Amino acid sequence: MNRFPPQNEIIDSILKGMITAKTNYTFWTADELYLSYAPPKFLTIHVSQEIAKLENSPEIFIDATIADILRCSLPKRDSFRWFMSENNITQDVICLTLDERFEHKSDNDSISKVIMSIRNGVRNAQDEYKHDIDLICKMLSRDKKEESTLDYGVFAFYLDISNTARKKSTRRIEEIVESLTK
């Protein structure tokens, strides 16, 4: 098995991917459109490309189902239904999942480590973003470390604020964070 990349390298790759996505999208649209107008997966794909550049890059899955992630992170592969029921989780997809990279013996032996929700165009806290954070917290919930291979979750977003906006980005981010923690 390869060594899984440290958390700080993953975070750095997320930030680089966001900057690359912004640069590419504004260039492609002749500086006419903000990244928030890009297709939803535009940002996720750029982030994935940056993570893939890491020396010990993990396996990367875009839009993995919750059932698949839990199947690949819980000690018993068939306990995902119980876990979902116990934690009031409905079937959905997670934007980005990072798994350990190794030679597989079957298509059911992955080991999930990190789950992410990557959003572009976030300007205000909305229920869907709160849902993403709540879902990540529920999926990471456990009493003992050995109850899941999931190490951490990430909620990352890109904020487009023009220079003439009434509220500047620093204040807007503070408000978003405050409303998400309520």
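Tyr129 is buried in this predicted model. Its relative accessibility is 6%. Tyr129 lies in helix α5, which spans residues 127-140, and pairs with Phe155 of strand β4, so parts 26 residues apart in sequence are tied together. The two ring centres are 6.2 Å apart. The planes of Tyr129 and Phe155 meet at 50°, so this pair is tilted.

Strand β4 covers residues 152-157 and also holds Ala156. Ala156 counts as buried because its relative accessibility is 9%, below the 20% limit. Beyond its neighbours within four places in sequence, Ala156 contacts Ile14, Met18, Ser117, Ile118 and Arg119. Ala156 and Ile11 are separated by 145 residues in sequence. In space, their C-alpha atoms are 9.4 Å apart.

Aromatic pairs number four in total. Trp28 and Phe42 form an edge-to-face pair, because their planes stand at 85°. Their ring centres lie 5.2 Å apart. Trp28 belongs to helix α1 (residues 7-28) and Phe42 to helix α2 (residues 40-52), so the pair ties together parts 14 residues apart in sequence. Ring pairs join Tyr25 to Trp28 and Phe42 in a cluster.

Charged side chains also sit over rings. Arg71 lies over the face of Phe80, 4.6 Å from the ring centre. The charged end of Lys113 is placed over the ring of Phe4, at 5.9 Å from its centre.

Side chains of opposite charge can pair when their charged atoms come close. The whole structure contains nine salt bridges. Arg71 takes part in one of them, with Asp68, at an N to O distance of 2.5 Å. Both residues lie in helix α3 (residues 66-71). They are three residues apart, about one turn of the helix. Asp68 is partly exposed, with a relative accessible area of 36%.

Asp134 is partly exposed at 38%, and Lys138 is partly exposed at 21%.

A further salt bridge joins Lys145 and Asp151, at 3.6 Å from N to O. Lys145 is exposed, with a relative accessible area of 58%. Asp151 is partly exposed at 34%. Through shared partners, salt bridges link Lys145 and Asp151 with Glu100 and Lys113 in one network.

How values were computed:
Residues numbered from 1 in each chain as written. Predicted model: local features only at pLDDT ≥ 70, side-chain atom pairs only at ≥ 80, totals over all residues. Heavy atoms only, no water. Helix = DSSP H or I, 4+ residues; strand = E, 2+ residues; numbered from the N terminus. Buried < 20%, exposed > 50% of the residue type's maximum accessible area, 1.4 Å probe, protein only. Contact = heavy atoms within 4.5 Å. Phe/Tyr/Trp six-rings, centres within 6.5 Å; stacked < 30°, edge-to-face > 60°. Lys NZ or Arg CZ within 6 Å of the ring centre and 35° of its normal. Salt bridge = Lys/Arg side-chain N within 4 Å of Asp/Glu carboxyl O.
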